[in-house]
Amino acid sequence: MSLFDWFANRRKESPEPSPPADREREIADGLWTKCDSCGALTYTKDLRANQMVCLECDHHMRVYSDERIRQLIDADTWQPMDETLHSIDPLGFRDRKPYSDRLREMQDKTKLVDAVQTGLGKLRGNPVALGVMDFRFMGGSMGSVVGEKLTRMIEKATIDRIPVIIVCASGGARMQEGMLSLMQMAKISGALERHREQRLLYIPVLTHPTAGGVTASFAMLGDIIIAEPKATIAFAGRRVVEQTLREKLPDDFQTSEYLLAHGLVDTIISRTQLKKTLAQLITLHPAPQPTPS
Amino acid sequence: MLINGNWSDQDSALNSPFAMPTTDRKPILLDFEKPLAELEEQIKQVRDLAAETEVDVAGQILQLEERACQLRKEIFSSLTPQQRLQVARHPRRPTTLDYIQAISDDWLEMHGDRAGFDDLAMVGGVGRIDGRAVVMLGQQKGRNTKDNIQRNFGQASPSGYRKAIRLMEHANRFGMPILTFIDTPAAWAGIEAEEYGQGEAIAFNLREMFKFDVPIICTVVGEGGSGGALGIGVGDRLLMMEHSVYSVAPPEACAAILWRDAGKSSKAAEALKITSEDLMGLGIIDEVITEPTGAAHTDPVLATEQVKAAILTNLIYLDSMTSQQRRDLRYNKFRNIGKFSEGLG
């Protein structure tokens, strides 16, 4: 055995380096995690037990769709829907790189098929339909796949007569699918209208960041709208508003707290209390007898 | 009302707080219209010359006019998406109130959101089209700079969308069809717009418009700008004028974000698929309304006639349905928009 072979073998035996997609996880699996707001170092296990909310300053760190589902849905009750629904680059869109390449890269990096996970599950024993957007996948942007998955989930919830919960995290409509993306706003709103007509409960949870076409559709259509603390929630992004007006904006502009003060969200709930609060609200709003259509 | 192709201000002055100037204004020329204008200038010179010298140039003029007609057709049938955008934004392009006033009788504008504001960027009211009572509304761009400032360049505020839905509810209560006219660069993005819930106002309209029993026909007459357009754009039938555009985001903004260069807006306009033919192909709109050769601003009388005819045809079609059928049609129309694939691949 040459020295080269020896090195080659050794490399094979050593554990695979984790792909870049797992970087967030890798940090979380590290023994200590630094808070991006106050800089406090926290034992990661404690931080995860506290749902990635800093124990020192209450800062809500980013949490992605898998973790969210774990946080909200009772163990072993999650049934994902439409997991293979994927985009086909309908416009043949190409900016600095082709959209189809971008999609593939994102899929490899995040192990997600698109920017939302949907499914049915139980929340403290209550059956719910849950959609969770994932900001990692092209900024959580909404194209045909996000629109179709959410619409199917809402339609299923209307048939099953169960509440809908959507955790929003999105920059808005996905430009690479052009007008098809914009029209998803109407499509989802239409499905929500049918759900609402049956007097069923819909609660969007607005997390950092929620913007654009998502804000101008299902994010703002809740019977009860919940925001996470200090999330950015906007229609037009801060930079767009600054450019339009050419003036500096207040620091708290477009935060959850700002929206609460302007009467646009019902309440701000800490992530650590979210599941409990949702369960409470669901039991306060039992589904009525079906209305004949 | 149109008289000899010029807007008379008497009628519009009754019902709207502005009026078109009566004097002939210098035409505003887009770059690609210039060869045409030169040719027309040449025809005029020949005519003038003939008048002075009494030489018979009828044959020559006829020839030149045929050439001009041919050239106009060529230019306007091969516009790039970026040029389409320029036509859609043309300062002389007929506006929502021009269409409303030209296609209806008994028009009375109604104001206000009943919650403290009257947004002049969104206009609406009741009127009669072909004897039928309807509610008409849409974004209103200004016809000149002063007017544009008042009307915020057709960018509606939350109160505008709330005024629109109030009028639509009125229509639904009284069984009047709803006709919306879309012409906006975007919903207004200002501090107050955010404070008063621009997102909520648009979202609310999207959902409520699915509920109405009366026919809803939406027509993109100029610029269909993103969520600001969609906020009055949920209908049984979505029509688009030939040279109007409808876009998920302004091409300039799209270029700035995706190409990191606002100068690439012509590329973005191309890639985003914003023209009436493209959107017909994608199954997003139901019908393209043909414009006069040379676009609506060169012959507003004909343009408004075309719009009226298209609306009436669609209204007859929708009248043949029950309200439940129309609601299902509306739901399924949007339900079926989207392109994706299922299964592994």
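What follows is a set of questions and answers on a predicted model.

Q: Why is B:L318 called buried?
A: The relative accessibility of B:L318 is 0%, and buried means under 20%, so B:L318 counts as buried. This residue is found in helix α14 of chain B, which spans residues 300-319.

Q: With which residues is B:L318 in contact, leaving aside its neighbours within four places in sequence?
A: Contact requires heavy atoms within 4.5 Å, and B:L318 is in contact with B:P215, B:I216, B:I217, B:D236, B:R237, B:R326 and B:L329. By contrast, the C-alpha atoms of B:L318 and B:A253, which are 65 residues apart along the chain, are separated by 37 Å.

Q: What makes the pair A:R68 and A:E228 a salt bridge?
A: The side chains of A:R68 and A:E228 meet at 2.8 Å, N to O, and the cut-off for such a pair is 4 Å, so the pair qualifies as a salt bridge. A:R68 lies in helix α4 of chain A (residues 65-72) and A:E228 in the loop between β9 (226-227) and α9 (238-245), so the pair ties together parts that are 160 residues apart in sequence.

Q: How do you know whether A:R68 is buried or exposed?
A: A:R68 has a relative accessible area of 4%, and since buried means under 20%, A:R68 is buried.

Q: Why do B:E208 and B:K211 form a salt bridge, and how is each residue classed?
A: The closest N and O atoms of B:E208 and B:K211 are 2.7 Å apart, which lies within the 4 Å limit, so the pair is a salt bridge.

Q: What makes A:Y43 partly exposed?
A: The relative accessible area of A:Y43 is 34%, a value between the limits of 20% and 50%, so A:Y43 is partly exposed. A:Y43 is found in strand β2 of chain A (residues 41-43), and together with A:L31, A:W32 and A:L41 this residue makes a nonpolar surface patch of about 470 Å².

Notes. Residues numbered from 1 in each chain as written. Chains lettered and ligands numbered in written order. Predicted model: local features only at pLDDT ≥ 70, side-chain atom pairs only at ≥ 80, totals over all residues. Heavy atoms only, no water. Helix = DSSP H or I, 4+ residues; strand = E, 2+ residues; numbered from the N terminus. Buried < 20%, exposed > 50% of the residue type's maximum accessible area, 1.4 Å probe, protein only. Patch = residues over 30% accessible without salt bridge, like charges linked within 9 Å, V, L, I, M, F, W, Y side chains within 5 Å. Areas by Shrake-Rupley, 256 points an atom, 1.4 Å probe, with all protein chains shown as cover.
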